Amino acid sequence: MTLTYEDVLGRYEPVFGLETHVELGTESKMFCGCSTRFGAEPNTQTCPVCLGLPGAMPAVNARAVEDTIKIGLALNCSIAPWCRFARKNYFYPDMPKNFQTSQYDEPLCVDGYLDVDVDGQNYRVGIERVHMEEDTGKNTHVGGATGRIHGAEYSLVDYNRAGIPLIEIVTRPVPGTGARAPEVARAYVTALRDILRTLGVSDVRMEQGSLRCDVNTSLSPVGSGAWGTRTETKNVNSLRSVERAVRSEMLRQAELLDAGERVRQETRHFSEVSGDTRPGRSKEEATDYRYFPEPDLVPVAPDPAWVEQIRAALPELPAARRARLRESLGVSAEDMVQMSNAGVVDLVGETVEAGAPVDEARNWWLGYLTQKANEREVDAADLGVAPGDVARLVALVADGTLSVALARQAVDAVLETGHDVDAVVAERGLRKVSDTSALERAADEAIAADPDAADKVRGGKAAAVGALVGAVMKATRGQADAAAVKQILLDKLGGGV
Amino acid sequence: MTELTALTAAGTAASIAAGDVSAVEVAQAHLDRIEAVDGRVHAFLHIDAEGALRAARDVDARRAAGQALGPLAGVPLAMKDVVVTQGLPTTAGSKILEGWLPPYDATISARVKAAGLVMLGKTNMDEFAMGSSTENSAYGPTHNPWDLSKIPGGSGGGSAAALAAYEAPLAIGTDTGGSIRQPAAVTGTVGAKPTYGGVSRYGLIALASSLDQAGPCARTVLDAALLHEVIGGHDPCDSTSIAQPVPPVVAAARRGANGDLKGVRVGVVRELAGGGDAAAYGGGGGYQAGVLASFDAAVHTLRELGAEVVEVGCPHFEYALAAYYLILPSECSSNLARFDSVRYGMRVGDDGTRSLEEVMSLTREAGFGPEVKRRIIIGTYALSSGYYDAYYGQAQKVRTLIARDFAAAFERADVLVSPTSPFVAFGIGERIEDPMAMYVNDLCTLPASLAGTPAISVPCGLSDGLPVGLQVMAPALADDRCYRVAAAFEAATEQFRPPAGVLA
């Protein structure tokens, strides 16, 4: 028996929630002065504090507190006037002190929300808390089949990551999204990532682990009024995976419930390969973390005046920027949805700000550039083509320097070389051939080389001109304007309409 | 025992500054004394003769070059082994850290070095500072120089014994529930627990973070004050350290030495002066008659010095012991979790057949002594889900009540006094089998620990030929009051210092 997604929705109502960990982009770690730079030689960015040596004590990174307050304010949270860190006690070799210094029942930011948009419909995701903690070291288990600790011959620990500031953003359970649950979950993480990027507090790279999601999902029978048992899915490391993880858990849980079984409250792991979840450690045998207030740190008590200063200095947030753009660009609501779904609203806006007409900017970003981004499996924003490049291309096409085809070649060259538009145009000699006599000569050569095609055109089969156009374009290395070439050929062969 | 080892720290520093004696001669005299007597006392776990002489030569060179020297430059110091010292073994009295060489200095280690003090070595202590007799050291007990069959107090018995045996004129101690004050009392020396946050804890191997406080130990109140000013003051590496100047303890000690306490209101804490029921804690731990007699005489002396003596009641002090023995184990169960064999220290059973968890367990089983295990188990239990509120949470409330008792008492008195310990030094082995009998040693010292307020112990008499201590307590950040009163009392009662002839 295989359920369809529609079967699930007919009988069950999904509720999801997300716990998102974000590595802050501070220069130094949460509780010591060590560098946070990614990719250094193992164990070169450590000190007595982040190695948990006897006697070493933490001191809070004020910048991390400020960044967390920024995040809380951007998510419409209240900022606690007084809060503390706690110790989460458990033994694991990647934790030098065998406790993690984390906020527990007294988070810095509470009770916010984030509005997200899916196909023009607004969903409000409640934010329960935003709290600060420290990252652990990184284990590498060597030998054994699974890469997990069990069965490994030995394990290596890199403490460079130990103590990097981590922010955990926890949503309230989100009910009432029905069939849209997977998309709303994805849209939430997307919106959160955009906010974090706008705030400049993190590089939010899911592939490097600087933004990581745990997705909680439960199902309840439609109309039951009570929420079902939830599972927590870890290892969800891309936006697409967020959507897939919710969907696959909905299907898995529905099959269990249909069969009269119960859903176990447990941690599961998402597999990028199979697109489904596998059981991890069961919550029922989970550790008692013995939380208690961290006695080595004084409470964090942000001065309300300072909080207001931070609020006043917040950059324009993505939602406001989009509203402003929509107004100033004058695009339709439908276009806005389309651009939003493709993740190019800001890019279009910035391209327009760099001097391109709205329609041109939108066409480039929704067309060729989205296609390239899809080919490369990256977001348009990460493609490597800047809005300024696009505005420059639009200008070069407008003044007749480049054809559209040449402009696309220029994009390819930018992607290959990382150089800017003017540089690649110069390097590759990209320039529309506008010398008509050269084109006439090339057209004559193409007709002579392919008399069959020429005859067909003369006989009224205008479509056959395509082969001749192609030959001319090839002969001019793509630098001719295809429309002009077509016209010249049709003129010569008398097949034009 | 030479003239040089009999000097006070202040006197030694003055002699060096005047050029009457070199720092190297002073250091060598103390190293010789250690060589002569420490086989019997066992105050030291590690002696750093080479480092001490090097530091002394440096002081002599700086003096010869005409550079200004600090007020304690060239004075030898014994460091409690719970304080991290770069490149010098630091074990906290535990097997689990045997062989560990710290790659960094505690803030107070760095401060004493920068001040030109000459570190002779590391002193013995109860394992991870858990105990009141130094019998819980994994390296064998320290003996009280007054009577080698007796305990020197604890946990800082090594530091106190080093002073009483004239092996050093100054020592660093740490005090979580009385570990500076009770050893000072039973060895006839002076020990001060500063206001919590007054001295950096960075580099102190933590027992209970919310209670631990390093402080000075000496044979005189002025010497303790001089050392207090060297190690005290704000440290950004310790977020609980107070961003305020060190209270003027040296000036207070000098002022007190004139013996005038007119206008000072001294409160006798009824619950700590035999009025409470120490025996209720079991193990025959009631106040010894000789201790109470010495204390009564001390109060009489204070009155003679001009102090106005009042009796104050602190009704919640009777819960201090119970609260302390929940808070301390809870915090220490977490603080000691890092000793897991992964990064440093002992490792047991890593023969390629055992899992990480097994190696951690075997190491902790072999590396920790019974008292440490007892407290880790109690603390783990007290913090467990479902028990937290009843134990740790409740104990923290008691702490607030004790602080309120202090606040009320300090409305009526400038300082409070009590015996430092209910009894004098007992025989080695006498109480070791009975943890409760051991815990009541701290009865009088615990309230100030829980409230984070300063207190000092100064010799106040002898009972059966063994020293008794007077505890002087003050409000937070008023450490100078402790020193003034203690110095005045000391000036009137010099006969209670350790006799120079001990172990001659």
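1. Leu356(B) belongs to helix 12 (residues 356–367) of chain B; helices (H or I, at least four residues) are DSSP runs, numbered from the N terminus. Between Leu356(B) and Ser341(B) there are 9.5 Å in space, C-alpha to C-alpha, and 15 residues in sequence.

2. A word on the model: it is predicted, so local features need pLDDT of at least 70 and side-chain atom pairs count only at pLDDT 80 or more, while totals for chains, interfaces and linings use all residues. Residues are numbered from 1 along each chain as its sequence is written, and chains are lettered from A and ligands numbered from 1 in the order in which they are written.

3. Next, the helix pair in chain A. Helix 6 (residues 318–329) of chain A packs with helix 8 (residues 345–353) of chain A at about 50°, the axes being 10 Å apart; axes are lines fitted to C-alpha atoms over the stretch in contact, and angles run from 0 to 180 degrees between N-to-C directions. That angle makes helix 6 of chain A oblique to helix 8 of chain A (under 35 degrees is roughly parallel, over 145 roughly antiparallel, 65 to 115 roughly perpendicular, the rest oblique).

4. Which residues meet there? Arg321(A), Arg322(A), Leu325(A) and Leu329(A) from helix 6 of chain A meet Val345(A), Asp346(A), Gly349(A) and Val352(A) from helix 8 of chain A; contact requires C-beta atoms, placed from the backbone, within 7 Å.

5. In helix 16 (residues 465–475) of chain A, the buried residues are Val465(A), Leu468(A), Val469(A), Ala471(A), Val472(A), Met473(A) and Ala475(A). They pack against helix 14 (436–449), helix 15 (451–458) and helix 17 (482–493) of chain A. Arg477(A), with a positive phi near 55°, follows helix 16 of chain A.

6. Over in chain B, helix 17 is mostly covered, with twelve of its 14 residues buried. Among them are Cys482(B), Tyr483(B), Val485(B) and Phe489(B).

7. Finally, the contact between the chains takes 23 residues from chain A and 32 residues from chain B.

Notes
Contact = placed C-beta atoms within 7 Å. Helix = DSSP H or I, 4+ residues; strand = E, 2+ residues; numbered from the N terminus. Buried ≥ 20, exposed ≤ 12 C-beta atoms within 10 Å, placed from the backbone.
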